[in-house]
Amino acid sequence: MINTVLFDMDGVLIDSEHFWQQAEKEVFTSVGAIWDEKIAQQTTGQTTRAVTELWYKMFPWEGKSIEEVEQAVIDRVDSLIREKGQIKAGVLDTLNYLSDNNFKIGLATNSPDSLIHTVLDRLEIKEYFQTIVSALHVKEGKPAPDVYLTAAKNLGSNPENCLVVEDSFTGATAGKRAGMTVVSVPDPKEFNDPKFDIADIKIKSLDLFQEKIVPFFSN
């Protein structure tokens, strides 16, 4: 039986994936990379370090370290979230439903601590989460299962009792590797992509959570 729900952050709680692409495009091209939209889409959900290392491998730059460029991306995303970040449809209703029905709620993300706090403060939803796990505090980020397994452990939950809510293939892979039930909420452009068949169920919006997902709680 599902008693714990673990959320990804970017693209699930906040409509921020376009902020990441904007920041990456601005920062990587500023150090000499040639922007490629397909590559950007393929790296959705990966850690900022992994994405930065990939672009460096393709377009080795000089004058700035990988760490400096990575931080520049994070700082730019932070400023965009503070200025324009919006909560995604259905998030508040879903969190209120889970809280009112005594589910354990966690957040597990590849984003760094600074951005997690920026997002939760901007959306005013920090109080809903009983544990918050960043990939910076585990051995490996998604698609490895570490953030989800750590979040479950922090909440005293077994993987088979956990439901993961993800928007990316990378995150869905992490949830499945953790042995958890995975709900995918892909970007509309990717909704019919067969790669999301890895998820146990797929929905177009968290507005549909109670109608489509709640039946899984008794399984």
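Two strands count as paired if DSSP finds at least two bridges between them. With that in hand, β5 and β6 make a pair: they run parallel and are joined by 2 bridges. Keep in mind that this is a predicted model. The chain is divided into two parts, domain 1 (4-15 + 86-216) and domain 2 (16-84).

**The sheet**

- Six strands line up in an open sheet in the order β3-β2-β1-β4-β5-β6, and the pairing is parallel.
- Which strands stand at the edges? They are β3 and β6, and each has a single partner strand, so one side of each has no neighbour in the sheet.
- As a bit of background, strands of a sheet pair through backbone hydrogen bonds, and the pairing can be parallel or antiparallel.
- On the β6 side, Ser-184 has Lys-202 of β6 as its bridge partner.

- Strand β1 takes in residues 4-7, and both of its faces are covered.
- On one side of β1 sit Thr-4 and Leu-6, on the other Val-5 and Phe-7, and all of these are buried.
- How many bridges join β1 to strand β2 (residues 104-109)? There are 4, and the two strands run parallel.
- Phe-7 finds its bridge partner in β2, namely Leu-107.
- Strand β4 (residues 162-166) also pairs with β1 in the parallel sense, again over 4 bridges.
- Here Leu-6 is the residue to look for, with Val-164 of β4 as its bridge partner.

**Where the two domains meet**

- The centres of domain 1 and domain 2, taken over C-alpha atoms, are 23 Å apart.
- Contacts between them involve 19 residues of domain 1 and 16 residues of domain 2.
- Together, domain 1 and domain 2 bury about 1500 Å² between them, with 53% of that on carbon and sulfur atoms.
- Which residues of domain 1 lose the most area to domain 2? Asp-15, Leu-115 and Thr-118 do, and together they make up 32% of what that side buries.
- Salt bridges or polar contacts: what does the interface hold? The rule finds 0 salt bridges across it, but 8 residue pairs in polar contact.
- Helix α6 (residues 113-123) gives the most to the side of domain 1 that touches domain 2, contributing 5 residues.

**Salt bridges**

- The structure as a whole holds 11 salt bridges.
- One of them brings together the side chains of Arg-49 and Glu-67, at 4.0 Å from N to O.
- Arg-49 belongs to helix α3 (residues 48-58) and Glu-67 to helix α4 (residues 66-84), so this pair ties together parts that are 18 residues apart in sequence.
- Arg-49 has 30% relative accessibility and counts as partly exposed; Glu-67, at 44%, is partly exposed too.
- Another salt bridge joins Asp-200 to Lys-176, with 3.1 Å between the closest N and O atoms.
- That pair links distant parts of the chain, 24 residues apart: Asp-200 is in the loop between β5 (181-184) and β6 (201-202), while Lys-176 is in helix α8 (residues 169-177).
- Asp-200 is partly exposed at 38% relative accessible area, and Lys-176 is partly exposed at 32%.
- Lys-189 and Asp-187 also meet through their side chains, 3.1 Å from N to O.
- Buried or exposed, where does Lys-189 fall? Lys-189 is exposed, with a relative accessible area of 70%, whereas Asp-187 is partly exposed at 34%.

**A look at Ser-134**

- Ser-134 lies in strand β3 (residues 131-134).
- At 0% relative accessibility, Ser-134 counts as buried, because the cut-off for buried is under 20%.
- A polar atom of the Ser-134 side chain is 2.8 Å from the backbone oxygen of Ser-111.
- What else is Ser-134 in contact with, leaving aside its neighbours within four places in sequence? Beyond Ser-111, the contacts of Ser-134 are Thr-109, Pro-112, Asp-113, Ile-116 and Val-147.

Conventions
Residues numbered from 1 in each chain as written. Predicted model: local features only at pLDDT ≥ 70, side-chain atom pairs only at ≥ 80, totals over all residues. Heavy atoms only, no water. Buried < 20%, exposed > 50% of the residue type's maximum accessible area, 1.4 Å probe, protein only. Domains from an automatic or database assignment. Contact = heavy atoms within 4.5 Å. Buried area = accessible area lost by both parts, 1.4 Å probe. Polar contact = N/O pair within 3.5 Å; in protein donor to acceptor, adjacent residues only side chain to side chain.
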